[in-house]
Amino acid sequence: QSFPIEACCIGIMSGSSMDGIDASLVEVTLHSATRASLKRVVSLQTEIPPRIRSTLERILFDRTPLCPLSALSMLCQLNVELGECFAEAAVAVARKAHVPLHLVDCIGSHGQTVAHVGSANVALERHTASSLQLGSASVIAQRTGVRAVSDFRLADIAHGGVGAPLMPRVDQMLFGHLPGELILQNIGGIGNATLLSSTRPVLAFDTGPGNMIMDARSDVLTYDEGGALARQGELLDELLVAALAHPFFSRPPPRATGHEDFGLEFVQWFENLAPSQSSLADRVRTALELTARSITSAYQNHLLQPTHDVRAVVLSGGGAHNLFLCERLRSLLDPIPVHTSSEYGVPLDDKEAIGFALLGLCAVHEIPANMPTVTGARKEVCLGVVASPH
């Protein structure tokens, strides 16, 4: 592959919080397989139609057993309908950027995760890691006339990896040229961290719940803007200790998590264990502290070794808007400075959509994009399946 590559691409992200579809049109120079410069980013968020979101929530959260045939029918339908939604988001962001679709090189779409099994467990008849995202790339390609890439995780899994996290290559492309050691912390529904260093291999893994527990109370999804509600609550120490005893937090990297560990079943356990006299603010305060402590303890256990000299932590994702959460992280990480990716030229709300634009670009140019030191895969491989519009 010859570099540099000048490209215009679109990234589509629908995360575990299912709070909308993020789309970013990116004009980028790919200097090498590990270095990219953003020249222009235009982004927007569109709504997941309520009917589709309701069906997703039923599949992911409803504990009433579904007839297998009904569940399969729902998944089939959602795969096409979400593809239509992602295509509409791509068209909308191109229109906002005043870029004709025929000038877009590719669309990278993460898809909507409905299951991610991060490790094999023969006792549970899970013989391999696995992952399933919905939102057909073929539908996206046919609706837009642009090559579309999806299904980014399975090539890594096929070579023994856990298929996550995917952002470390993007972090390396966008931040790897900076001096010293940086921790890039994304806080979406799930938190994930990447340690970049000029002297050691990239380290990355999921830290645990991001906004997922704070934003979910039983079957009601809400949003605590700025952490205002949590700030009013009292910390429930015994509940926090019990939550931090979850087996995920003692797993060594490579590790990945999602609804299977911290979905509705965990939220219901969390609420049931809370003292009966506790308020909603108390429970949200404790959920926020769980996120903050799980992030910082993961750093202490795996990233902040005596030989590491981390000069800053850089936040992105919706959790970076939670002022109280940011305050707690700054307090727990002191004296390490805590910044946002926006301060480095990467809009904090758009980093993952930008990331999938770059991963899609890697796919169409057959550039390996997984990181075996991160995922546990046996080799570097190209990620994603490319759907042609022709």
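**Helix 8**

I began with helix 8 and asked which of its residues are buried. They are Leu239, Leu240 and Ala243, where buried means under 20% relative accessible area, exposed means over 50%, and partly exposed lies in between, with a 1.4 Å probe and protein chains only. Helices here are DSSP runs of H or I with at least four residues, strands are runs of E with at least two, and both are numbered from the N terminus.

**A note on the model**

I am reading a predicted model, in which local features need pLDDT of at least 70 and side-chain atom pairs count only at pLDDT 80 or more, while totals for chains, interfaces and linings use all residues. Residues are numbered from 1 along each chain as its sequence is written, and side-chain values use heavy atoms, leaving out hydrogens and water.

**Cores**

Next I looked up the largest nonpolar core, which has 43 residues. Such a core is a set of buried Ala, Val, Leu, Ile, Met, Phe, Trp, Tyr and Cys residues joined through side-chain atoms within 4.5 Å. Ile183, Ile213, Tyr299, Val313, Leu315 and Leu329 touch the most other members. Among the elements that give two or more residues to this core are strand 7, strand 8 (190-196), helix 8 and strand 12. Which element gives the most? Helix 11 does, with nine residues.

I then checked tyrosine 299 by itself. Leaving aside residues up to four places away in sequence, tyrosine 299 touches Ile183, Gln185, Ala193, Leu304, Val313 and Leu333.

There is also a second, separate core of 41 residues, and Leu30, Ala353, Ala357 and Cys362 are included in it.

I traced five strands in an open sheet, in the order 9-8-7-12-13, with mixed pairing. Two strands pair if DSSP finds at least two bridges between them. Strand 9 (203-209) and strand 13 (338-340) are the edges, each pairing on one side only. Neighbouring strands are turned by 25° against each other on average, direction ignored; axes are lines fitted to C-alpha atoms, for helices over the stretch in contact, and angles run from 0 to 180 degrees between N-to-C directions.

How many bridges join strand 7 to strand 12? I counted six, between residues 181-187 and residues 310-316, and the two strands run parallel. Leucine 184 stands opposite valine 314 in strand 12.

Most residues other than glycine have a negative phi, and most peptide bonds are trans. I therefore looked for exceptions.

- A cis peptide bond joins proline 253 and proline 254, with omega about 0°. Proline 254 is in the loop between helix 8 (237-244) and helix 9 (259-262).
- Another cis bond joins aspartate 334 and proline 335, with omega about 15°. Proline 335 lies in the loop between helix 12 (323-333) and strand 13.
- Aspartate 151 has a positive phi, near 55°, and is partly exposed at 29% relative accessibility.
- Glutamate 366 also has a positive phi, near 55°, and is exposed at 65% relative accessibility.

Note on methods. Contact means heavy atoms within 4.5 Å.
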